[in-house]
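Please look at the sequence and the 3D view first.

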Amino acid sequence: VILSDGYEVPYQDFLDWSQFSLKLPMHDVSMELYHYLLRIPFPKIAAMKKKVDQAACWFDFHRTLEQPGVPCSPYKGLLNVLEKRRQALPKWQGGYWNHNQALAKG
């Protein structure tokens with residue numbers, strides 16, 4: 001359960017947070033929220049738990065970037081986000097300056 005009005009969850013580009021979490025506004029914090037959570041059917045909770053377990057590797061900062069049998073890591077997630085941002089940047093159209101032509105001819 002995420003109780004926040006301004007928090008933006010990470011990795012929204014490739015993780016469907018609605019499959020394994022509930023995000024509710026802060027003004028919903030009351031006993032009604034407690035009762036709402038109690039009314040969630042157990043099969044739905046079990047399915048969400050399974051999904052969050054599958055997504056847990058995106059948040060395990062003790063894993064290395066490449067680990068056999070592990071399809072994800074927070075470092076891969078960060079690299080994915082940075083690559084998408086880099087691709088969205090405008091392409092540089094300028095020329096070079098102070099460039100050593102001898103290096104270019106090799």
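The model is predicted, so local features need pLDDT of at least 70 and side-chain atom pairs count only at pLDDT 80 or more, while totals for chains, interfaces and linings use all residues. Residues are numbered from 1 along each chain as its sequence is written, and side-chain values use heavy atoms, with hydrogens and water left out.

**Overall fold**

- The chain has four helices and two strands, where helices (H or I, at least four residues) and strands (E, at least two) are DSSP runs numbered from the N terminus.
- In sequence order the pattern is β-β-α-α-α-α.
- Of the 106 residues in the chain, 21% are buried; buried means under 20% relative accessible area, exposed over 50%, and partly exposed in between (1.4 Å probe, protein chains only).
- The chain exposes about 8,700 Å², and 60% of this comes from carbon and sulfur atoms; the areas are from the Shrake-Rupley method with a 1.4 Å probe, and for residues only the protein chains shown count as cover.
- Contact means heavy atoms within 4.5 Å. Among contacts between residues at least 6 apart in sequence, 34% join residues at least 24 apart.

**Nonpolar core**

- A nonpolar core is a set of buried Ala, Val, Leu, Ile, Met, Phe, Trp, Tyr and Cys residues joined through side-chain atoms within 4.5 Å.
- The largest such core has twelve residues, among them Ile2, Val9, Tyr11, Trp17, Trp58 and Val81.
- Apart from neighbours within four places in sequence, Val9 is in contact with Ile2 and Trp17.
- In soluble globular proteins, nonpolar side chains tend to be buried together.

**Aromatic rings**

- Rings of Phe, Tyr and Trp (its six-membered ring) pair if their centres lie within 6.5 Å; planes under 30 degrees apart count as stacked, over 60 as edge-to-face and the rest as tilted.
- The whole structure holds seven aromatic pairs.
- The rings of Tyr11 and Phe59 have centres 5.8 Å apart and planes at 40°, so this pair is tilted.
- Tyr11 lies in the loop between β1 (2–3) and β2 (23–24), and Phe59 lies 48 residues away in the loop between α2 and α3.
- Tyr11 is buried at 11% relative accessible area, whereas Phe59 is partly exposed at 33%.
- Phe14 and Trp58 form a tilted pair, with 4.7 Å between centres and 55° between planes.
- Phe14 is partly exposed at 30% relative accessibility, and Trp58 is buried at 13%.
- Tyr11, Phe14, Trp17, Phe20, Trp58 and Phe59 form one aromatic cluster.

**Phe61**

- Phe61 sits in the loop between α2 (42–55) and α3 (74–88).
- Its relative accessibility is 53%, so Phe61 counts as exposed.
- Apart from neighbours within four places in sequence, Phe61 is in contact with Pro74 and Tyr75.
- The C-alpha atoms of Phe61 and Tyr75 are separated by 7.9 Å.

**Salt bridges**

- There are three salt bridges, each defined as a side-chain nitrogen of Lys or Arg within 4 Å of a carboxyl oxygen of Asp or Glu.
- Glu32 and Arg39 form a bridge at 3.0 Å, N to O; Glu32 is partly exposed at 47% and Arg39 is exposed at 52%.
- Asp53 and Lys49 form a bridge at 2.7 Å, N to O; because they are four residues apart in helix α2, about one helical turn separates them.
- Arg86 and Glu83 form a bridge at 2.6 Å, N to O; they are three residues apart in helix α3, so the separation is about one helical turn.
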